[in-house]
Amino acid sequence: MHIAVLAGDGIGQEIMVEALRVLGAMDLPNLCLDHADVGGVAYHKHGHPLPPETLELVQSADAVLFGAVGDPSCDNLERHLRPEQAVLGLRKQMQTFANLRPAKMFPGMEDASGLKPEIARSIDVVIVRELNGDVYFGEKGMRKTADGLREGYDVMSYDESEVRRIAHVAFKTAMGRDKRLCSVDKANVLETSQLWRDVVTELSSEYPEVELSHMYVDNAAMQLVRNPGQFDVVVTGNLFGDILSDQASMCVGSIGLLASASLGDGTKGLYEPIHGSAPDIAGQGIANPSAMILSAAMMLRHSFGMDAEADRIEAAVAAVLAQGVLGHDLGGTASTSEIGDAIVAQLTGG
Ligand code: ATP
Ligand code: MG
């Protein structure tokens, strides 16, 4: 298991320490960790947020464990030198087209979600967002109308192969869970969505055990708040997925609890918390490392097929939350390392 460890900036460094301690406590076979710089740290050391040596490591590794990038001291740099560009460069290099974001309510965290407890308790959804297509990558520009008005345009497009490959990921994800897949689109208005719906429907014959449903995105946004428990796996395009995955994650309470995986065709993936480098709390030792630790669990599951080990880590995180070991983000006082200690103790029976 050769893992590229890219801790990055701000709290990325602090939370990565705890994630690696957790992996260390798991007695994994042939665990090989290789560190490289990314983001502002890399810019300051090497003059580029994604230096060639980091790209080389990523190329040779089986998976990438990624902390966070973002460094206020880089705010005035040219765009291509800013830390955030490193993520885009990595996605491009790794050709990751599927972004998986699980949002699950941990017992005892209902109050933090802001939803009614019985509604909050039902949240256990994975949003599968397409990452390489849609309006983000279509032709875009600014032009003048015949009346001399400025007009901006962004072309939304998907071809069927792009829909098919993300749909496969979603059906497989559903197969590993409760076997319910909801495909979200706007097929009453958009041609891309009609194609999306047709292709997902065609593919469903390959996954007869999965119960497929379709929902318009406006309704999905409402249903995620009204009755999130109805969803198991949701698959959607890049733009709708951007919005719905943020919405779903906030229903769970804290940004410090949410992990993500970005996957391509093979088993190599990039695993990172959904939050950023949090410069406002960096260096204080108070960041919640749970999202990073849960990202490491996703890595074991998706890149190495170690479902049992991933389950163990997720259960340990849940147990520690249930014990009331809460970080500042959840109204508690536990430090980054105290949360890490408690999770390691849970795993090792210490
Ligand atoms: P980015 O643009 O990199 O996503 P952002 O501006 O969205 O960054 P984040 O870094 O995600 O911001 O942080 C948003 C807020 O959440 C900040 O106040 C930060 O302190 C807090 N936060 C983020 N991650 C954690 C964490 N792991 N533990 C505690 N608080 C966190
Ligand atoms: Mg953000």
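**Helix packing and ligand surroundings**

Author: Helix α1 (residues 11-24) packs with α13 at an angle of about 10°, and their axes are 9 Å apart. Please note that this is a predicted model.

Reader: Which quantities describe two packed helices in general?

Author: Two packed helices are described by the angle between their axes together with the distance between those axes. Here, an angle under 35 degrees counts as roughly parallel, so α1 is roughly parallel to α13.

Reader: How is the pair α12 and α13 arranged?

Author: Helix α12 (residues 307-322) and helix α13 (residues 336-348) have axes that come within 9 Å and cross at roughly 125°. That angle makes α12 oblique to α13. The crossing in which α12 passes α13 is right-handed.

Reader: Which residues form the contact of α12 with α13?

Author: Arg 312, Ala 316, Val 317, Ala 319 and Val 320 in α12 meet Ile 339, Ala 342, Ile 343, Gln 346 and Leu 347 in α13. Sorted by class, the contact of α12 with α13 comprises eight nonpolar, one polar and one charged residues.

Reader: How many residues surround ligand 1, and which are the closest?

Author: Ligand 1 is surrounded by 15 residues, the closest being Gly 256, His 275, Gly 276, Ala 278 and Asn 288. The shell around ligand 1 has six nonpolar, seven polar and two charged residues.

Reader: What does UniProt list under "binding site"?

Author: The unreviewed UniProt entry lists Arg 91, Arg 101, Arg 129 and Asp 218. These residues span 128 residues in sequence, and the farthest two C-alpha atoms are 28.4 Å apart, so they do not all gather at one spot. Arg 91 is placed in helix α4 (residues 85-94).

Reader: Which domain does the record place on the chain, and what is its helix and strand content?

Author: UniProt, in an unreviewed entry, places "domain: Isopropylmalate dehydrogenase-like" at residues 2-343. Over residues 2-343 the chain is 41% helix and 20% strand, with the end C-alpha atoms 23 Å apart.

Definitions and conventions: Residues are numbered from 1 along each chain as its sequence is written. Chains are lettered from A and ligands numbered from 1 in the order in which they are written. This is a predicted model: local features need pLDDT of at least 70, side-chain atom pairs count only at pLDDT 80 or more; totals for chains, interfaces and linings use all residues. A residue is near a molecule or strand if its C-beta atom, placed from the backbone, lies within 6 Å of it. Ala, Val, Leu, Ile, Met, Phe, Trp, Tyr, Cys and Pro count as nonpolar, Asp, Glu, Lys and Arg as charged, and the others, Gly among them, as polar. UniProt positions are given in the numbering used here, feature names are shortened, and annotations may be inferred rather than shown by experiment. Helices (H or I, at least four residues) and strands (E, at least two) are DSSP runs, numbered from the N terminus. Axes are lines fitted to C-alpha atoms, for helices over the stretch in contact, and angles run from 0 to 180 degrees between N-to-C directions. Angles under 35 degrees count as roughly parallel, over 145 as roughly antiparallel, 65 to 115 as roughly perpendicular and the rest as oblique. A crossing is left-handed if the near helix is turned anticlockwise from the far one by less than a right angle, and right-handed if clockwise. Two residues are in contact if their C-beta atoms, placed from the backbone, lie within 7 Å.
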